Amino acid sequence: GCFSFPNIPSPDLLLPCVLRLQIYNEKKSQFEIKRNNPKDLVERVARDISKLLNSKRKALEKLAREAEQLQKEHVWQDGDGEEESLLESSSPVELEFVDDPNFKNKVNYSSSAVQIPTDIYKGSPVILNELNWTQALERVFIENRRDDSSLRWQVFGSATGVTRYYPATPWRAPNKIDLYDVRRRPLVHALLLLLCRSGSVSGLTLKLMKTSVVEMLDTLSDDDYVNVARFNEKADAVVPCFRTLVQANVRNKKIFKEAVMHMQAKGTTDYKSGFTFAFEQLLNSSAPRATCNKMIMMFTDGGEDRAQEIFEKYNWPNKTVRVFTFSVGQHNYDVTPLQWIACANKGYYFEIPSIGAIRINTQEYLDVLGRPMVLAGPRAKQVQWTNVYQDALGLGLVITGTMPVFNLTADTVSSQNQLILGVMGVDIAINEIKKKTPTYRLGANGYTYAIDPNGYVLLHPNLRPKIFNFREPVTLDFLDAELEDSNKEEIRRQMIDGKSGQRKIKTLIKSVDEASLVLPTYSENHIKANLSDQILQVQYFESLLPNSFESEGHVFIAPREYCNDLELSNNNTEFLLNFIALMEKVTPDSKQCDNLLLHNLILDTGIIRQLVDKVWKNKDLNTYGFLAVFAATDGGVTRVFPNKASETWEEDPEPFNASYYRRSLDNKGYIFRADELLNPENDTIGILVSTAVEITIGGKNIKPAVVGVKLDLEAWTDKFKILASNHTDNRQGSNTCGPNRGCEMDCEANSDDLLCYLVDDGGFLIMSNQKDDWNKVGMFFSDVDPTLMYALYNNSFYKRKQSFDYQSVCERMPNSESGAAPRGVFVPTIADFVNVAWWTSAAACVAYVSLCSGDAADEVDADGIDFKERGCVMIQTQYYLSNLSSSYNILQDCVNCSRLIHAKRINNTNLLFVVAEKLPCNTCEIEKLSQEEEECILFSLCSPAGREDEEEKDPALFFLPLQENTSDCGRGHAFRPSLYTLLLIQLLLLYPAISPHVHLLLQ
């Protein structure tokens, strides 16, 4: 039915329900309503995405295969006389670059480019030889691009830190240096970090130890399991409630970091207690997949005990747990026991005299971890896909496929043939994957989503990172991207297990392995235009020409990719002109165009034109207090009448992105929304009123369009007063209102004594009888009248719900003085980019709402760059109308005074009509309701995040092979750098230079 205010001309007068249906019925021969089959759609999308990934997999396999062969055939050249020829062959050349829209960058397709970290000596024989043999990869890069023109960046990330990428492009220095994950990405780790905290560990040594552990945590991914323990004469977990290994997701790692940074040293050293605790943790863990690649990493300042009986009891003779030992700080202790512990347990011994040494020693640590994978051979040649991240070179959101490259050089003397050369990788832009989904057939509120084996979103409408090139990956769990629903956790679990199915869920998007689809009931069908008559096509197309705007209203068209050669633009007028120019060259049936999109656009243009001719032109808008009338369609057409109203039209030209469009589809009746913009010419504020067009043809329902009007606030306030005069409390008495006497609740007669409001379903002011409130229209009602909004909430007219934004960005807070490591130098890592996941359970913060405040604790890390922003979780409280439908009287008692409030839900709208006496006293003790976002801080949350009970799909698992060469297990170094040398190393590390591509490729 069509709604109208009592005694007031309705918005529906210019948008007659019957006429709207009649127009669609008249045109029904020009379109058909097709049913969306969710199962078929999902299967097709999954098939297309799989085909896309497989095409990139072939390129990766070819690159890895060729790289291994090239390195094997390369003749090593030492220094001396050969060094000059090596330098000459590796010298830089000047290149010309051209703009390429596919890369959103300047590129050169005839060459590759090389990036070497600033802390690596470019003239060393190792680097020069590597530059020499990787030069031949250019041929493979170019061949791959010839075979697949859709390929984006192709990159080889070497274990030495060198990056060769194609096509060549001017380098952009990323936020961080990176080297860690070159050899460890395909592995799954169960890791126990063991920290000595005896009284001898203090000052710089303690800070180095904390920094080392924090950075080691960052090398772990969500596939890994970890715990952190401390020991002196006794051992315990640094986080008391983490009694066993927990998933190494970002929230758990943050909790570990905070606990480590607050650790204090005291007592004496007992290695036996520490290693006993560590082995008990690893050998008794029930965590899924935590049965291979077990490791203990002990950080200490030195000691004499070898704890041999502990290893005999728990680890010998099979040595299933590797033990790495780290001698931290500058001291004169005998390091022989620490060396022996590492060598006797297939591990490695390191020395960390300074922060700079953390990076230097990591090289050998990763070599050790890579041995089982190299020995596994072809079984380890598996493509690994990174999390979604922002490409630093301009591609936007991407994922990267990576594959290890092995050293095939036969050398039985050393362990060189057990080394990984590096990682090969190719990028896929998320927009490429989106093109495989049926976006426009699903309507404005239907969507496709995909998740990876850890439950993180690959595709989802709510996957929207806040800033470009942020240093952390865009990891958003499916359950955090949606509002809670009992079925969603089961859906997530079944998708991870590779099962298919169909369920109904309550979903709301907050105000590449598995794919799924969410389809509202009204989007189960879609319109397919049948415009074979070219004369009719031309007639409809004429309505898009600017010379028709003055008489028929302004047209905006959605910036969609209707044709391959259509040039997109952020300026809709320019985009429309580009579209018209292209349509003069090609027909809507051209093979280079999306015929469904294009035909539906032209059909909708003709349908909306009928509304203009039959209704809009024949009415005087001023008579009804209308600033404009408008219609928008699924086909992508928005027409605003009259033409001058388009000057202040600020809605998104893509209807599927416009809030009024999406809200109208999901609600019955008229949706009112205040226009926040003030027209500077005539100081008029507009109220947008919209409703969905619902039609039924052949027994199939569909909502193909939304129509609406823009009300003149001042003109409609007078009409609102008339409306309000018809709602009384049915009491007899004087027209003068007061706390102890009745009055006629008449907003027109008693505007000095009564407050009359229209408030929308979200608690925002739409209209008021108080002229002083006109400039507050569109504000949250609690900011207009806090006591009245509280009374409405307290009497259940409004309910509230808290939601969490896991992709927020906050300003970086100053360092606390709690003994955290200095930020003077960054320790390189890859995990910050691709292995960080925002808190994986919304319930984690819901259960601790009292801990959420605006005073954020600083992130604990050892970054060497002062980032202005950091990732954070924001909590927002939103209000919504309850299901109360009757009229209610409320007496609000403020101790010193009271007042009567009358409230009623207006049928067929999203409005609440409120009349209240003015509050006689100045104060009333209430809770000030707010919708402002605030940061959610988890201080000492003890429940581990993650869903460890899931049997998620296993990455490659490589156990410790018997033939592994473990003779190289580290050694002590007599060299102790001077203070000047340490300072120089740290200064060099402040200039990051390795690519975020490697940062992700090495994942």
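**Chatting through disulfides, cores and rings**

Q: Let's start with Cys924: buried or exposed?
A: Cys924 has a relative accessible area of 15% in this predicted model. The cut-off for buried is under 20%, so Cys924 counts as buried.

Q: Which cysteine is joined to Cys924?
A: That would be Cys894, through a disulfide with an S to S distance of 2.0 Å. The torsion about the S-S bond of Cys894 and Cys924 is about -80°, which makes this disulfide left-handed.

Q: Where do Cys894 and Cys924 lie?
A: Cys894 is in the loop between strand 32 and strand 33, while Cys924 is in the loop between strand 34 and strand 35 (934-935). Because of those positions, the pair ties together parts that are 30 residues apart in sequence.

Q: And how accessible is Cys894?
A: Its relative accessibility is 4%, so Cys894 counts as buried.

Q: Okay, what does Cys897 pair with?
A: Cys897 forms a disulfide with Cys921, and the S to S distance there is 1.8 Å. With a torsion of about -40° about the S-S bond, the disulfide of Cys897 and Cys921 is left-handed. The two cysteines are 24 residues apart and link distant parts of the chain: Cys897 sits in the loop between strand 32 and strand 33, and Cys921 in the loop between strand 34 and strand 35. Both Cys897 and Cys921 are buried.

Q: How many disulfides does the count come to?
A: Four disulfides. Another one of them joins Cys563 to Cys593, with S to S at 2.0 Å.

Q: Is that Cys563 and Cys593 disulfide left-handed or right-handed?
A: The S-S torsion of Cys563 and Cys593 is about 100°, so this disulfide is right-handed. Cys563 lies in the loop between strand 22 (554-557) and helix 17 (572-583), and Cys593 in the loop between helix 17 and helix 18 (595-614), so the pair ties together parts that are 30 residues apart in sequence. Cys563 and Cys593 are buried as well.

Q: Switching topic: what order do the strands of the open five-stranded sheet have?
A: The order is 29-28-34-33-32, and the pairing is antiparallel. At the edges are strand 29 (765-768) and strand 32 (887-893), each pairing on one side only. On average, and with direction ignored, neighbouring strands of this sheet are turned by 25° against each other.

Q: How many bridges join strand 28 to strand 29?
A: Three bridges join strand 28 (residues 754-760) to strand 29, and the two run antiparallel. Within that stretch, Tyr757 stands opposite Ser768 in strand 29.

Q: Which helix lies across strand 28?
A: Helix 23 (residues 786-794) does. Helix 23 also lies across strand 32, strand 33 (898-905) and strand 34 (911-917), and runs at about 60° to strand 33.

Q: Now the cores. How many residues are in the largest nonpolar core?
A: The largest nonpolar core has 75 residues, and those with the most contacts inside it are Ile687, Leu711, Phe781 and Tyr798. Then there is a second, separate core of 63 residues, with Met216, Leu217, Ala229 and Met298 among them.

Q: What is Tyr798 in contact with, leaving aside neighbours within four places in sequence?
A: The list includes Val759, Asp760, Met789, Leu792, Tyr793, Tyr879, Leu881 and Leu912.

Q: Last topic, rings. How many aromatic pairs does a search of the whole structure find?
A: It finds 38 aromatic pairs. One to look at is Phe311 and Trp340, a tilted pair at 6.4 Å centre to centre with 55° between the planes.

Q: Buried or partly exposed: which applies to Trp340?
A: Trp340 is partly exposed, with a relative accessible area of 23%. Phe311, on the other hand, is buried at 0%.

Q: What about the rings of Phe780 and Tyr879?
A: Their centres are 5.5 Å apart and their planes are at 35°, so the pair is tilted. Phe780 lies in the loop between strand 29 and helix 22 (781-784), and Tyr879 in strand 31 (residues 869-881), 99 residues apart. Phe780 counts as buried at 5% relative accessibility, and Tyr879 is buried with a relative accessible area of 5%.

Q: Which residues form one aromatic cluster?
A: Phe231, Tyr271, Phe275, Phe279, Phe311, Tyr314, Trp316 and Trp340.

Technical notes
Residues numbered from 1 in each chain as written. Predicted model: local features only at pLDDT ≥ 70, side-chain atom pairs only at ≥ 80, totals over all residues. Heavy atoms only, no water. Core = buried A, V, L, I, M, F, W, Y, C linked by side-chain atoms within 4.5 Å. Buried < 20%, exposed > 50% of the residue type's maximum accessible area, 1.4 Å probe, protein only. Contact = heavy atoms within 4.5 Å. Pairing = 2+ DSSP bridges. Helix = DSSP H or I, 4+ residues; strand = E, 2+ residues; numbered from the N terminus. Axes fitted to C-alpha atoms, helices over the stretch in contact; angles between N-to-C directions. Disulfide = S-S within 2.5 Å. Phe/Tyr/Trp six-rings, centres within 6.5 Å; stacked < 30°, edge-to-face > 60°.
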